[in-house]
Amino acid sequence: MRIETATRPGTPERPNEDFTAVALPASGEGGVLVVLDGVTPPPAGTGCVHGVPWFTARLGGALLELAAARPGTALADCLTEAIARTAGSHASSCDLSHRNTPQATVVAARWNRDVVEHLVLSDSVLLIEDTTGRTAEESVRAVLDDRLGRLPEPVRAMRAAVRALPPGSPERAVAGAEYGRAVEALRNAEGGFFTAAADPSVAARAVTGATPRADVRSLTALTDGASRLVEVFHECGWGELVEVVRAAGPEEVIRRVRAAEAADPSGTRFPRGKRHDDATVTHAALGVPPVPLRRG
């Protein structure tokens, strides 16, 4: 088994709001992978005195611990408790009812000798590579929570209108702010999209599933600052991205993203919410599946 990870902040002036960690039990028969992408707060603040990096570290750490220590508990239930535990750790000092209370996207995967479980909440990505030996694109499946991309038509029309305005213009700034408010009104709301914040019930909204361990060669988790190599810049497909990670490591994906961003600094050719974003890639090459133990 080989685990590799790389993470880089969007700009040196701001702390990295992503979080990633891996736990490998001493038995050597499985593991847990967690990646979170903290939601950058608006200038108005979050009602929290700690900040988003503190929140993602607390939530990610709790989820990793629970998923590793309770292998019989579903990942969604582990996330439920992790959210509740994190909320309880700052409820006395912070306003958790604030609309912009710290929150994050979540990717989690857990594997043993029999099965690989997964959970994805919001717009981070988990890539599951199978063992069929087919072409790269055929053998890699992207697990996506695509609700952010399926916002109501009026909101999507607002986004298109913003992108049609000249970058840096006052008109674009006003329209962009209006669009941002429309999107935020749909966060953690019916008909919108969901992120992990202070309400444990949101864990039930995650995309979850399981794959036989014998069918999985590798797992690759990416925050949207890294997945934009595929989703925004269209430089490769998911299968090719996994091949890049295998050949040159996760850092190469981030390097290519930064190069693509530098080639289109204003976002004219490839519209995006931020010129640069925090980017994280964590890759677990699971190797040959273990032989099941004989019982009896």
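Which elements cover the buried residues of α1? The cover includes β2 (18–23), β3 (31–38), α2 (75–90) and β4 (104–111). The model is predicted: local features need pLDDT of at least 70, side-chain atom pairs count only at pLDDT 80 or more, and totals for chains, interfaces and linings use all residues. Residues are numbered from 1 along each chain as its sequence is written, and side-chain values use heavy atoms, with hydrogens and water left out.

**Helix α1**

The buried residues of this helix (buried being under 20% relative accessible area, with a 1.4 Å probe and protein chains only) are V52, F55, T56, L59, G60, A62, L63, L64, L66 and A67. Helix α1 comprises 18 residues (52–69); at 1.5 Å a residue it should span 26 Å, and its end C-alpha atoms lie 25 Å apart, which agrees. The expected span is 1.5 Å times one less than the number of residues.

**The whole chain**

The chain has 8 helices and 10 strands, assigned as DSSP runs (helices H or I, at least four residues; strands E, at least two). Its radius of gyration, taken over C-alpha atoms, is 19 Å, close to the 19 Å from the globule rule (2.2 Å times the number of residues to the power 0.38) for 296 residues, so the chain is as compact as a globular protein of that length. Among contacts (heavy atoms within 4.5 Å) between residues at least 6 apart in sequence, 71% join residues at least 24 apart.

| Property of the chain | Value |
|---|---|
| Span of C-alpha trace along principal axes | about 70 × 50 × 35 Å |
| Buried residues | 47% of the 296 residues |

How values were computed. Buried means under 20% relative accessible area, exposed over 50%, partly exposed in between (1.4 Å probe, protein chains only).
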